[in-house]
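Visitor: I would like to understand the words used for this protein. Could you take me through them?

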Amino acid sequence: MALKLIQNAALEAPAQGAETMHIGAYKPRGDSIDQYMTCREILGSSSTATLIEKTLMESDKVVGVLFTDQADSMHIPGHVLEAHDTLKIYTGGIALVNPASPLNPSSKWRGYSDDCGSLPLGVSLFHELGHAKQGVEKTVWYNETTRAAMAGDKTARLSIEQDNLASHENKICDEMGLPYRRKYED
Ligand SMILES: [Zn+2]
């Protein structure tokens, strides 16, 4: 099993900002197993979510999942964690998921309506796990591009996000009958 739910201790993790990297201590919020299972059940009919999970479970990398409200949802790549004694086991990085800020469709999204509300948290979880899958399947590209993004290259950051939307998030939303973003910044 290469998906590891993190819930026991505060996690000291380097965070990936738009242009800077800083160290923060992220306290888990709620029970990770319960939240993961709830997300998974809600996306039960999404074959893309199933494929993401299967790919990560079968990979030789270990992907951590942490639910916390102390950071924006993001995927911290494994290469960022290599120098950290307690975090280097997460060779496939860590998916941070913030239950307090689910995705909110805007009027630019395909399928948007005034009453569609926030998307299920599972879409956020599987967005971040989609990044982990990019890291498993396109390792060299993902490592190089996330390094450039963390150094402030916005084009690099958007290329990672657009690839993730096209390969994972938009497919999941389409399968679930949910609105989806045409572009990452919409
Ligand atoms: Zn993303």
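Visitor: Where does serine 107 lie?

Guide: Serine 107 sits in the loop between strand E6 (94-97) and helix H4 (121-137). Helices (H or I, at least four residues) and strands (E, at least two) are DSSP runs, numbered from the N terminus. Before we go on, note that this is a predicted model: local features need pLDDT of at least 70, side-chain atom pairs count only at pLDDT 80 or more, and totals for chains, interfaces and linings use all residues. Residues are numbered from 1 along each chain as its sequence is written.

Visitor: Why does serine 107 count as exposed?

Guide: Count the neighbours. Serine 107 has 9 C-beta neighbours inside 10 Å.

Visitor: What makes aspartate 60 buried or exposed?

Guide: Aspartate 60 has 8 C-beta neighbours inside 10 Å, so aspartate 60 counts as exposed. Aspartate 60 lies in the loop between H2 and E4. The C-alpha atoms of aspartate 60 and threonine 91 are separated by 8.8 Å.

Visitor: How do you know whether valine 123 is buried or exposed?

Guide: Valine 123 has 23 other C-beta atoms within 10 Å, so valine 123 is buried. Valine 123 belongs to helix H4. Leaving out residues up to four places away in sequence, valine 123 touches Leu103, Glu169, Ile172, Cys173 and Leu178. Touching is contact: the C-beta atoms of two residues, placed from the backbone, lie within 7 Å.

Visitor: Which residues of H6 are buried?

Guide: Ile160, Asn164, Leu165, His168, Glu169, Lys171, Ile172, Cys173 and Met176. The buried residues of H6 pack against helix H2 (47-58), H4 and helix H5 (139-150). After H6 comes glycine 177, with a positive phi near 70°.

Visitor: Why is H2 called oblique to H6?

Guide: The axes of H2 and H6 cross at roughly 140° and come within 7 Å. That angle makes H2 oblique to H6. Under 35 degrees is roughly parallel, over 145 roughly antiparallel, 65 to 115 roughly perpendicular, and the rest oblique. Axes are lines fitted to C-alpha atoms, for helices over the stretch in contact, and angles run from 0 to 180 degrees between N-to-C directions.

Visitor: Which residues meet where H2 meets H6?

Guide: On H2, Ser47, Thr48, Ala49 and Ile52; on H6, His168, Lys171, Ile172 and Glu175.

Visitor: What makes the largest nonpolar core, and how many residues does it have?

Guide: The largest nonpolar core has 36 residues. Such a core is a set of buried Ala, Val, Leu, Ile, Met, Phe, Trp, Tyr and Cys residues joined through C-beta atoms within 7 Å. Ala95 and Phe126 have the most contacts inside the largest one. H4 gives the most to this core, with seven residues. Leaving out residues up to four places away in sequence, alanine 95 touches Val63, Gly64, Val65, His75, Leu125, Glu128, Leu129 and Ala132.

Visitor: How many helices and strands are in the protein?

Guide: Six helices and six strands. From the N terminus on, the elements run β-β-β-α-α-β-β-α-β-α-α-α. Buried residues make up 41% of the 186 residues.

Conventions. A residue is buried if 20 or more other C-beta atoms lie within 10 Å of its own, exposed if 12 or fewer, and partly exposed in between; C-beta atoms are placed from the backbone.
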